[in-house]
Amino acid sequence: PPACTAGDVVVQEDPGAHWQTVVVDTERRLPAEFAPGDLVNISEAGFPFTDGLAVRDVLTDDLNAMREAAAANGTPIAILAAFRSFEQQVALQDQRVEEMGPDAAASRVAGPGHSEHQLGTTIDVTSEGLDDVDQAWGATPTGQWVASNAHKYGFLLSYPSGSSETTCYDYEPWHLRYVGRELAQRVVASGLTLRHYLYVHHPPIGYTPTTADSTTTTDEVVTEG
């Protein structure tokens, strides 16, 4: 994929329709006014009703299935964050800059419009009973289960360990983006990070690939739900 460059390129794809494959990274961002029209509370996926935590309806069946499977394994999950609007991301970024300083915050928190949470298909998870999460959580039984099994339900770790050069962000074992079961299986089988896979197989409109990428072909996308 291209280098991790800070930018303000507004995606040309419709993020409501192309939620599976739209690239959202440090360079490409969603329109400030974008918000999905089918947001529902996470309680629709069997989690306790939590005001302010909403996801797109398209993923609730698979999210419920993942919740049930995690619980059956003895590693139940909870959701800490879901859809965040452009304005909410502004507030979060300002808070993290104040807490961590601008340099540390830049590698941990996406800028406004650059967060996958604005898609409505991204969640932050943790172990049931916890109200926070950190990188060490990835080594817990629940974190390990999520890393090994989330893709079976259509969810991918956007920022896996040791991949910051291609993902543009530090390791986040809690950050899951839903792309549907079929696409998730393809990404895992490729061995690539989600961002890398999308640039190779579903390059953004207006993106000119390098010579090394120019011979790749585009997969057919099957929209689920």
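In this predicted model, four strands line up as an open, antiparallel sheet, in the order 5-6-8-7. The edges go to strand 5 (77–81) and strand 7 (155–157); each has a single partner strand, so one side of each is left without a neighbour in the sheet. From one strand to the next, the twist averages 45°.

Inside that order, strand 6 (residues 122–127) and strand 8 run antiparallel and are joined by three bridges. A handy landmark here is Ile-123, which sits opposite Leu-176 of strand 8.

Helices pack on this sheet too. Helix 1 (residues 60–72) touches strand 5, strand 6, strand 7 and strand 8, and its direction makes about 135° with that of strand 5. Helix 4 (residues 141–149) also lies across strand 5, strand 6, strand 7 and strand 8, in this case running at about 145° to strand 6.

A search of the whole structure turns up one disulfide. Its partners are Cys-4 and Cys-168, with an S to S distance of 2.2 Å. Cys-4 belongs to the segment before strand 1 (9–10), while Cys-168 falls in the loop between helix 5 (164–167) and strand 8 (175–178), so the bond ties together parts that are 164 residues apart in sequence. The link between Cys-4 and Cys-168 is left-handed, with -85° about the S-S bond.

The two ends of this link fall into separate accessibility classes. Cys-4 has 36% relative accessibility and so counts as partly exposed. Cys-168, at 12%, counts as buried, because the cut-off for that class is under 20%.

Note on methods
Residues numbered from 1 in each chain as written. Predicted model: local features only at pLDDT ≥ 70, side-chain atom pairs only at ≥ 80, totals over all residues. Heavy atoms only, no water. Disulfide = S-S within 2.5 Å. Helix = DSSP H or I, 4+ residues; strand = E, 2+ residues; numbered from the N terminus. Buried < 20%, exposed > 50% of the residue type's maximum accessible area, 1.4 Å probe, protein only. Pairing = 2+ DSSP bridges. Axes fitted to C-alpha atoms, helices over the stretch in contact; angles between N-to-C directions. Contact = heavy atoms within 4.5 Å.
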